[in-house]
Every structure is written in C-alpha cells, then in structure tokens.
Amino acid sequence: KIGVKAPSVVFCNFNKFLKNNPQTMRTWIRILREVPDSMLCLLENPTIGVDYMRKFVHEAAGTSENDSDPESFVEGDGDDLNSRIHFLPWQANPFDHQMRNQDFCNIMLDSHPYNGHTVAQDALYAGVPIVTRSDGDDMSSRVTTSANIVLGLDELNAFRGPTHYEDIAIDLGRNKTKFEFIRNKLIGTALQRNPMHPYWDVPRYVSNFEKGLEVAWERYLAGEKPSHIKIEEDQDQKGSYDERLLGHPPLGIKKKRKKTTDESSSSSDEL
C-alpha cells in the first residue's frame with residue numbers, strides 16, 4: 001500500500017539492504033519528515049528483510065525511556081513513514097529493472113557506508129541525480145563522490161557527514177527549480193558531443209587507464225616508490241575516443257586491414 005497518492009518527490013535506493021546501516025536509515029526518516037508528501041522507493045532485496053526494515057522504521061520513529069522495557073515504548077510517526085516507503089519486487093531482467101529509475105525515481109539517496117556501484121550508474125544513465133555522503137575513508141564509500149565530481153555535480157556530495165547529507169536531499173526535494181537545474185545538468189553531460197563528456201566516454205577512460213598502468217609499470221621497473229599518477233590529455237581534442245580511433249587507427253590495425261584487403265583481392269583473382 002502506498003500512502004501518498006500524488007507524491008511531491010520520489011526518493012529511491014535500489015541497493016541491497018546490507019549496504020546500509022542504522023544511521024543511514026535514520027537519515028532517510030528525517031528526509032521523509034522534512035519533505036512533505038515525499039516517498040521512498042526501495043528494492044525487496046532480500047524479500048525477507050522487508051518486515052525487519054519496517055519494524056526498524058517503526059521503532060526508530062518512537063521513543064523509549066528504557067530500551068529493555070517494551071512497555072516504555074511510545075509510538076511516533078512510524079506508521080505514517082512506513083506508508084510512504086514502497087518496496088519494489090526483484091526484477092530478473094536487468095534492462096527492465098534499469099527502466100525503473102526513469103519510471104519511478106526523482107532523486108537517489110545513496111547508501112552508506114557502501115555506495116551504490118552498478119545501481120548508481122543505472123540511476124545516472126536514467127538522468128537521476130544522486131545525493132551521497134563523501135566523508136567515508138574507503139573506496140567503496142566514495143564511488144558516487146568521484147562520479148559527481150567528474151559530472152560537475154559536487155553540490156550533491158555531503159563532505160560534512162550525515163546531517164549535511166540530509167540537508168542536501170531535503171533542499172533538493174523541496175526546491176523544484178534547483179532539482180530541475182541539477183537534473184538537466186546531468187542529462188546535458190550525456191548529450192554532450194565534440195568532445196563527448198569524459199564521464200560517458202568509456203573508451204577514453206580505458207585509454208587513459210592503460211596509460212596510467214604503463215606509467216605505474218615503468219616506475220616499478222625503475223625502482224621508484226609508489227606515488228600519485230596523473231594522466232594529462234589534449235583539451236582541444238574533438239569527438240569521442242572511438243571516433244578518433246576510427247579516423248586514425250594504430251599501425252597494427254592498418255596492417256591487419258591491408259592484409260585482409262590483399263587476401264580478398266587474391267581470392268577474387270582466383271575466381
């Protein structure tokens with residue numbers, strides 16, 4: 001049952017439950033409270049965890065003078081909050097699942113301490129901005145932070161912890177003008193051409209990553225100590241990496257093409 005017939009904004013998170021901790025769930029509760037008629041859309045992953053999630057929301061919304069005494073528990077707005085949290089069933093087809101971001105979601109609330117990885121990319125592909133915490137120490141807790149920086153959406157990164165995370169999400173949920181600006185900015189990166197935006201130009205990323213590995217290997221062979229590696233690019237280059245590769249193929253590809261052409265000619269002569 002969905003408690004909001006016409007939600008003002010739909011927050012979503014399609015990660016497994018195990019990626020979140022109690023603190024993250026409490027931040028989502030505050031966000032729902034502070035954004036009137038908002039909804040939170042989650043994924044039943046796993047299904048057995050849904051009842052426990054609802055139980056946690058109910059208890060977290062209440063108060064208790066003595067945690068060991070159930071009689072001292074005073075209910076809060078847990079029932080209302082739970083009516084605004086909707087769980088989608090697992091979808092085996094990844095493409096159908098990916099479409100849910102476009103169909104259901106306005107803003108993704110990223111998981112902490114383990115960020116969304118594939119789930120986050122699905123959201124970005126659908127033009128859904130992601131609010132994330134950027135105060136983690138591990139790579140797994142800063143994945144979306146890196147994505148937002150490359151996309152020019154630094155304002156969605158909460159560097160000051162959970163309260164900052166809540167404030168960004170609440171502001172984005174209440175301020176429709178700001179939300180549309182952020183969303184259009186994200187979509188604009190995907191539509192950018194000549195050159196393609198670096199975040200979406202995967203072959204370009206692969207090329208630069210290869211260069212970085214080569215530098216790391218050369219440093220190792222030279223006996224140098226590990227240090228940061230920075231890959232410099234030509235800022236005036238046009239088109240995507242794929243387009244530039246097709247226009248100026250490496251020597252090895254040229255030779256292969258020539259050999260194939262020569263073989264085709266010989267076959268034609270024989271016929």
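In which hand of crossing does α4 pass α5? The crossing is right-handed, a term used when the near helix is turned clockwise from the far one by less than a right angle.

The model is predicted, so that local features need pLDDT of at least 70 and side-chain atom pairs count only at pLDDT 80 or more, whereas totals for chains, interfaces and linings use all residues. Residues are numbered from 1 along each chain as its sequence is written, and side-chain values use heavy atoms, with hydrogens and water left out.

The chain holds eleven helices and eight strands, these being DSSP runs (H or I of at least four residues for helices, E of at least two for strands) numbered from the N terminus. Of its 271 residues, 39% are buried, meaning under 20% relative accessible area with a 1.4 Å probe, protein chains only.

The axes of α4 and α5, lines fitted to C-alpha atoms over the stretch in contact, come within 8 Å and cross at roughly 55 degrees.

| Helix | Residues | Residues in the contact (heavy atoms within 4.5 Å) |
|---|---|---|
| α4 | 94–104 | H97, Q98, N101 |
| α5 | 118–125 | D122, A123, Y125 |

The residues of this contact divide into two nonpolar, three polar and one charged.

The largest nonpolar core has 52 residues, and V131 is among the members that touch the most others; such a core joins buried Ala, Val, Leu, Ile, Met, Phe, Trp, Tyr and Cys residues through side-chain atoms within 4.5 Å. Beyond its neighbours within four places in sequence, V131 is in contact with residues including I107, L156, Y165 and L172.

Notes:
Buried < 20%, exposed > 50% of the residue type's maximum accessible area, 1.4 Å probe, protein only. Axes fitted to C-alpha atoms, helices over the stretch in contact; angles between N-to-C directions. Nonpolar A, V, L, I, M, F, W, Y, C, P; charged D, E, K, R; others polar.
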